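Please look through the sequence and the model shown below before turning to the notes.

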Amino acid sequence: MVSQAEIDRLRLEADTIMTRYEAVQEALETARTESGDHWENGELDVTLQTPHGEPIEITLDLDADPSSNAQARYERASELEAELERKQAVVGQLAPMPAEPVAYLLLYHLDTVEGNYPRSMAGHLDAERGQVEELCEELERVGFLERLESGTVKQRRAKAKQSDEVRQHHTYYRLSREGDHLLRFLEEREGKLNVLRHLPDGQTIVRRLARGGPDYARMTANELGMEFEYVRHCYRALRRVGLVTEYEGGTIKASERKLKPKDETHRKHTYYVATDIADQLLRELDG
């Protein structure tokens, strides 16, 4: 969990390294000439005096110089600060939600089937089982999912199963009342606005569509330097929320697609476009 305390700690360590530059340099050079545990993991633990004169324990990268050790901390602190600001901008029911597109897809899936277990859900969503298991546990912890009682799961409560009654050899989850309320919140304008603030890269992808016209997951991933599976799940989550929709035409005219215009593009992929509400919300964010 990102915290201001972690950001402050990283910056204090960086400031201390730069303030005690010569002592850090000497400690690194000495360690490189001596045997010890620091060679096993490439890290060196040192005690330094902060700029305020207080002792602090710092773990240094043995292969880096003092400036690089400090810079790595400054950069990480900036990343965490940006993430914290993004999370603080998210209001209401969406704040506890894991910032993962698959988490959104899990909620929508369980809204449809009413009960399922992680391995099955991973198959339905074409996601990694380990990630689904972790997200289910997190979603249960924050109150959006709940576990079904042990025993059997009736067919009417687990529509993804084929038999009338299935033995519970797995941990089944279903949408909680809070989870249902969250999905209702996402139907509202304010909910959709907060998804753009909450989902990493979600706003980037929607802006790309709003600016450049229809696009598909593989092209987006390649041009933005993102993992294909992640982008594919982002598109699916954004579609369920109502911020993007599938392009319905058989061909895409050059006037419709500014990203890589051609006279005419025949559809070989699932193309997406930004919805009208997404365009309005982007203007509001820019406002």
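Is Tyr216 buried or exposed? Tyr216 counts as buried because its relative accessibility is 13%, where buried means under 20% relative accessible area, exposed means over 50% and partly exposed lies in between (1.4 Å probe, protein chains only). This is a predicted model, in which local features need pLDDT of at least 70, side-chain atom pairs count only at pLDDT 80 or more, and totals for chains, interfaces and linings use all residues. Residues are numbered from 1 along each chain as its sequence is written, and side-chain values use heavy atoms, with hydrogens and water left out.

**Overall make-up**

- The protein chain has 13 helices and ten strands; helices (H or I, at least four residues) and strands (E, at least two) are DSSP runs, numbered from the N terminus.
- Of the 287 residues in the protein chain, 41% are buried.
- Among contacts (heavy atoms within 4.5 Å) between residues at least 6 apart in sequence, 69% join residues at least 24 apart.

**Aromatic pairs**

- The structure holds three aromatic pairs; rings of Phe, Tyr and Trp (its six-membered ring) pair if their centres lie within 6.5 Å, and planes under 30 degrees apart count as stacked, over 60 as edge-to-face and the rest as tilted.
- One of these pairs is formed by Tyr117 and Tyr172, which are edge-to-face at 5.2 Å centre to centre with 65 degrees between the planes.
- Tyr117 lies in the loop between α5 and α6 (118-125), and Tyr172 in the loop between β5 (165-167) and β6 (173-175), so that the pair links distant parts of the chain, 55 residues apart.
- Both Tyr117 and Tyr172 are buried.
- Tyr216 and Tyr271 also form an edge-to-face pair, 5.0 Å centre to centre and with 70 degrees between the planes.
- Because Tyr216 is in the loop between α10 (202-212) and α11 (217-224) and Tyr271 in the loop between β9 (264-266) and β10 (272-274), the pair ties together parts that are 55 residues apart in sequence.
- Tyr271 is buried, with a relative accessible area of 3%.

**Packing of α5 against α7**

- Helix α5 (residues 101-113) and helix α7 (residues 129-141) pack at an angle of about 70 degrees, their axes 10 Å apart; axes are lines fitted to C-alpha atoms, for helices over the stretch in contact, and angles run from 0 to 180 degrees between N-to-C directions.
- The two helices, α5 and α7, are therefore roughly perpendicular to each other, a term for angles of 65 to 115 degrees.
- On the α5 side, Val102, Ala103, Leu106 and Leu107 meet Gln131, Val132, Leu135, Cys136 and Leu139 of α7.

**Ala237 and its surroundings**

- Ala237 belongs to helix α12 (residues 228-241) and counts as buried at 1% relative accessibility.
- Ala237 touches Pro101, Tyr104 and Leu105, leaving aside residues up to four places away in sequence.
- Between Ala237 and Gly202 there are 9.1 Å in space, C-alpha to C-alpha, although they are 35 residues apart in sequence.

**Residues with positive phi**

- Glu114, found in the loop between α5 and α6, has a positive phi of about 75 degrees although it is not a glycine.
- At 34% relative accessibility, Glu114 counts as partly exposed.
- Asp126, in the loop between α6 and α7, is not a glycine either, yet has a positive phi of about 55 degrees.
- Asp126 is partly exposed, with a relative accessible area of 45%.

Technical notes
Parallel < 35°, antiparallel > 145°, perpendicular 65-115°, else oblique.
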